[in-house]
Amino acid sequence: RAKSRQRAGHFFFSRSMGVEIRERVRMMHALRSGFQRGELFLAYQPQVDLAANRAFGAEALLRWRTEDGRLVGPDRFIPIAEYSGLIVDIGEWVLRQALAELVRLRAAGYLDFTMSVNVSQVQFRHQHFVDMLRRALDDTGAPPEFVELEITESMAMEEPALLVEKLAQVKRTGVSIAIDDFGTGFSSLSHLQRLQVDRLKIDRAFVTEITGSARGSSIAEMVIQLGRNLGLSVIAEGVEDERQAHILRSLGCPLAQGFLFSRPLSPEALLGWLGKAQTEAA
Ligand code: C2E
Ligand code: MG
Ligand code: MG
Ligand code: MG
């Protein structure tokens with residue numbers, strides 16, 4: 001009896017696994033051809049200076065509009081792009097696209113504007129990553145001092161020695177580095193100090209908690225303090241309401257992004273939003 005139950009369980013397990021793998025393979029093919037057909041595009045979310053209440057940059061966020069018109073979020077397809085290795089080509093395309101947008105924004109007069117681009121661990125680890133970055137900067141003519149790459153905290157924790165060296169190479173191109181989703185991993189102070197990073201992004205989860213219990217703001221507070229002590233810039237992500245923005249200001253958080261200020265926008269809408277923000281400030 002026990003044996004047959006075990007076998008039945010095993011059968012069920014492998015069948016559902018099969019379904020999952022088949023679904024993943026299906027999505028991988030759809031993504032590959034969708035990428036070639038031009039179904040991927042970027043949305044740009046403004047990043048603001050909390051004290052001056054003005055935008056200083058934007059984060060490029062990847063979107064996929066499938067053949068049948070559905071919008072698929074990056075949380076769903078990036079793992080598949082990583083798993084299949086497709087992220088190397090997609091990531092290069094994202095970078096070039098975002099840099100070209102930065103150049104267009106500069107041509108429209110936004111000369112102080114920074115462009116932030118997410119980089120996957122698989123892409124970053126690729127042996128030609130730094131060459132690729134250099135070529136993308138050269139080809140697009142984007143000024144590296146206005147380009148920021150976002151790597152995740154979990155990624156920053158792996159293979160310390162290799163990472164330190166790679167980050168140093170990246171930094172030599174002139175771009176800056178932000179640690180995304182900060183607070184979710186376990187970076188030690190000493191490790192963080194060895195990495196040549198410029199900015200910490202407080203994960204949305206800790207921004208959401210800020211208005212909850214008395215201790216809700218403790219992680220955000222700690223990251224802000226850490227940034228101050230290490231001389232790093234700090235930005236809060238996922239700011240959705242005025243109360244959160246108010247508390248962040250009072251904690252001394254200099255920068256933020258989130259739905260309160262703007263959702264991720266098309267290039268045209270971003271220009272419109274920036275223009276409107278400028279007239280309001282004037
Ligand atoms: P992330 O880099 O931490 O990006 C922040 C995510 O939070 C984005 O989701 C953004 O749309 C969303 N967000 C921004 N403000 C708010 C807010 O006020 N409230 C809420 N609820 N959400 C907000 P999105 O665009 O779905 O991206 C999810 C993740 O996918 C990103 O997290 C990033 O890790 C990854 N990703 C996006 N684009 C790329 C890309 O080009 N390359 C790579 N490798 N990863 C990307
Ligand atoms: Mg990001
Ligand atoms: Mg983030
Ligand atoms: Mg996040």
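Is Glu237 buried or exposed? Glu237 is buried, with a relative accessible area of 11%; buried means under 20% relative accessible area, exposed over 50%, and partly exposed in between, with a 1.4 Å probe and protein chains only. This is a predicted model, in which local features need pLDDT of at least 70 and side-chain atom pairs count only at pLDDT 80 or more, while totals for chains, interfaces and linings use all residues. Residues are numbered from 1 along each chain as its sequence is written, chains are lettered from A and ligands numbered from 1 in the order in which they are written, and side-chain values use heavy atoms, leaving out hydrogens and water.

Glu237 belongs to a metal site. Together with Asp181 (OD), Glu237 (OE) coordinates the magnesium ion (ligand 4), at 2.2 to 2.6 Å. Donors are N, O and S atoms within 2.8 Å of the metal (3.2 Å for Na, K and Ca), and sites may look incomplete because water is not among the atoms. Asp181 lies in strand 6 (residues 176-182) and Glu237 in the loop between strand 8 (233-236) and helix 11 (242-250), so the pair ties together parts that are 56 residues apart in sequence. Helices (H or I, at least four residues) and strands (E, at least two) are DSSP runs, numbered from the N terminus. Asp181 also bridges the magnesium ion (ligand 4) and the magnesium ion (ligand 3), which lie 3.0 Å apart. At 26% relative accessibility, Asp181 is partly exposed.

Just after helix 11, Gly252 has a positive phi of about 85°.

Elsewhere, strand 2 (residues 54-65) is mostly covered, with 10 of its 12 residues buried. Strand 2 pairs with strand 1 (residues 40-49) in the antiparallel sense over 10 bridges; two strands pair if DSSP finds at least two bridges between them. Asp49 stands opposite Arg54 of strand 2. The two strands form a hairpin with 4 residues between them, and Asn53 in the turn has a positive phi of about 55°. Strand 2 also runs parallel to strand 4 (residues 114-118), joined by 4 bridges, where Ala60 has Val117 as its bridge partner.
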